[in-house]
Amino acid sequence: MAKEKQIFYCKECGYESSRWLGQCPACKGWNTFVEEKVTVKSKASGKVTPVSERPKATSIKNVSSSEETRIKTGIGELDRVLGGGIVKGSLVLVGGDPGIGKSTLLLEMCKNLVETDTKVLYVSGEESVSQIKSRAVRLGITEGTVMEEKLMLLSDNDMDNIESQIDALSAEVVIIDSIQTIMSGDIDNAPGTISQVREVTARLLQIAKQKDCAVFIVGHVTKEGTVAGPRTLEHMVDSVLYFEGDESGGFRLLRANKNRFGSTNEIGVFNMVDSGLEEVTNPSEFFLSGRPESASGSVVVCTVEGTRALLVEIQALCTDSNFNMPRRTSVGLDYNRINMLIAVLEKRGGISMSGCDCYVNIAGGMKMNDPSTDLGVLCAIYSSFRDRPIDDHTVIIGEIGLAGEIRGVRNVAQRVKEAAKLGYTRVILPKSNQSKELSGMGVEVIYVSGLREALDIL
């Protein structure tokens, strides 16, 4: 007989309770509990694994280790974020806003995989197979390839049938689009509920590990930008990738929030065009395209994402305020950090901004938390406040302390090399980063130790 029970889940972290709670004890969120009636069907007694066939504990010295077998996706930016390619037996969660390009990226990945004789199964619970084919034709990724012969499509939301198709095709890579549309017959709840998402993900994890195939699952996101469903979903998978960007613009960023087989600091940069997603091999040039010349409030800074140095433009605008409390607005940078930096500029730079509204923006839609951009942000605000442009060929790097001191940053040589590569002739750096290695890179390096000294130079 099937057993039915009533459970309350926290939709933010997946915490379970037998009764409704106003505040979640795990994540401290308010009004996050939702009610679900879970019906679990009893398993047949014949499916119980005998004790003699169950796995036994093994000494670690008897376990052989080897390098993970990776499959190249043919998309350099995606390989970079994954840590060098797809690891066999891995479970990867891809999240992002609707229409951001998740399905497009995975479909283009399928094209490259089948051209290297990799067996791929694309499962969609949202589209029919003819709709998937139409999208592939519209993107132009079936022309002149063997994709139409080797890429297998399945439109179904029954987990039992999906598992049988994976076995029948011996698929090496499986795409599930999306996890919220798939349902398991062991639970009577509707697709997309917390219990269904958790059960389906657990079965996909088991399939990936037992059959040594890589599984990509697409997940919808909430309005806060996190994957919909229980937080335990992110703990179950091997990698969590987030696709970011503005739907109205072409710029896209792929980040790894979790990666058991590589770094989580790497990013992939893409540009959305009519024919699909294009890789951006030189992100610095892409972010700086269209930068105004000799404009006040515009500063170029250099940040490091993983192994890649990126030059981006920070823009600031200071205007007279019409209110008793001036406005502070930040896009792409932490709002509280901007308020702190403005306080440092007032106290240590001798400037009164109590009557000015201040707006700070990173051009191109980039989001950064790198403290090495602090000095660039203050210089941009100071430039706009004085309405005096900063030299267009200058890159500013440095972290600001509350005492107005400029602290050292990491990967200085890499940053200066990137600035020289794009034709910048002057770099302002913290004095603690002074090195003979930087003198031979073809750019003028100016070292500063305090905020007042940096403002005087500019």
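Trainee: Which side chain does Thr303 join in a polar contact?
Mentor: The side chain of Asp370, at 2.9 Å. A polar contact is a pair of N or O atoms within 3.5 Å; within protein, one must be able to donate a hydrogen and the other to accept it, and residues adjacent in sequence count only if both atoms are side-chain atoms. Keep in mind that this is a predicted model: local features need pLDDT of at least 70, side-chain atom pairs count only at pLDDT 80 or more, and totals for chains, interfaces and linings use all residues. Residues are numbered from 1 along each chain as its sequence is written, and side-chain values use heavy atoms, with hydrogens and water left out.

Trainee: Where does Thr303 sit?
Mentor: In strand β15, residues 298-305. Strands (E, at least two residues) and helices (H or I, at least four) are DSSP runs, numbered from the N terminus.

Trainee: Is Thr303 buried or exposed?
Mentor: Thr303 counts as buried, because its relative accessibility is 1%. Buried means under 20% relative accessible area, exposed means over 50%, and partly exposed is in between (1.4 Å probe, protein chains only).

Trainee: What does Thr303 touch?
Mentor: Leave out residues up to four places away in sequence, and the list is Arg308, Ala309, Leu310, Met368, Asp370 and Arg415. Contact means heavy atoms within 4.5 Å.

Trainee: Let's zoom out. How many helices and strands are there?
Mentor: The protein has 12 helices and 23 strands. Its C-alpha atoms fill a box of roughly 80 × 55 × 50 Å, taken along the principal axes.

Trainee: And how much of the protein is buried?
Mentor: Of its 458 residues, 48% count as buried. Also, take the contacts with a separation of 6 or more: residues 24 or more positions apart account for 66% of them.

Trainee: What about charges?
Mentor: There are 52 positive and 60 negative side chains. Lys and Arg count as positive and Asp and Glu as negative; His and the chain ends are not counted. The centres of the two sets lie 6 Å apart. Each charge is placed at NZ of Lys, CZ of Arg, CG of Asp or CD of Glu.

Trainee: Next, β13. Why is β13 called largely enclosed?
Mentor: Because 5 of its 7 residues are buried; the strand covers residues 267-273.

Trainee: Which strands does β13 pair with?
Mentor: Strand β12, residues 251-259, pairs with β13 in the antiparallel sense over 5 bridges. Strand β14, residues 276-279, also pairs with β13 in the antiparallel sense, over 4 bridges. Two strands pair if DSSP finds at least two bridges between them.

Trainee: Can you point me to some partners?
Mentor: Phe251 has Asn271 in β13 as its bridge partner. Met272 stands opposite Leu277 in β14.

Trainee: How many residues are in the hairpin that joins β13 to β14?
Mentor: The hairpin runs through 2 residues.

Trainee: Changing topic. What's going on at Val416?
Mentor: Val416 is in helix α11, residues 412-421. At 0% relative accessibility, Val416 counts as buried. Leaving aside neighbours within four places in sequence, Val416 is in contact with Val427, Leu429, Leu438, Met441 and Val443.

Trainee: How far apart are Val416 and Met441?
Mentor: They are 25 residues apart in sequence and 7.5 Å apart in space, C-alpha to C-alpha.

Trainee: Which strand holds residues 426-430?
Mentor: Strand β22, which is mostly covered: 5 of its 5 residues are buried. Strand β19, residues 394-396, pairs with β22 in the parallel sense over 3 bridges. There, Val395 stands opposite Val427. Strand β23, residues 444-448, pairs with β22 in the parallel sense over 5 bridges. Pro430 has Val448 in β23 as its bridge partner.
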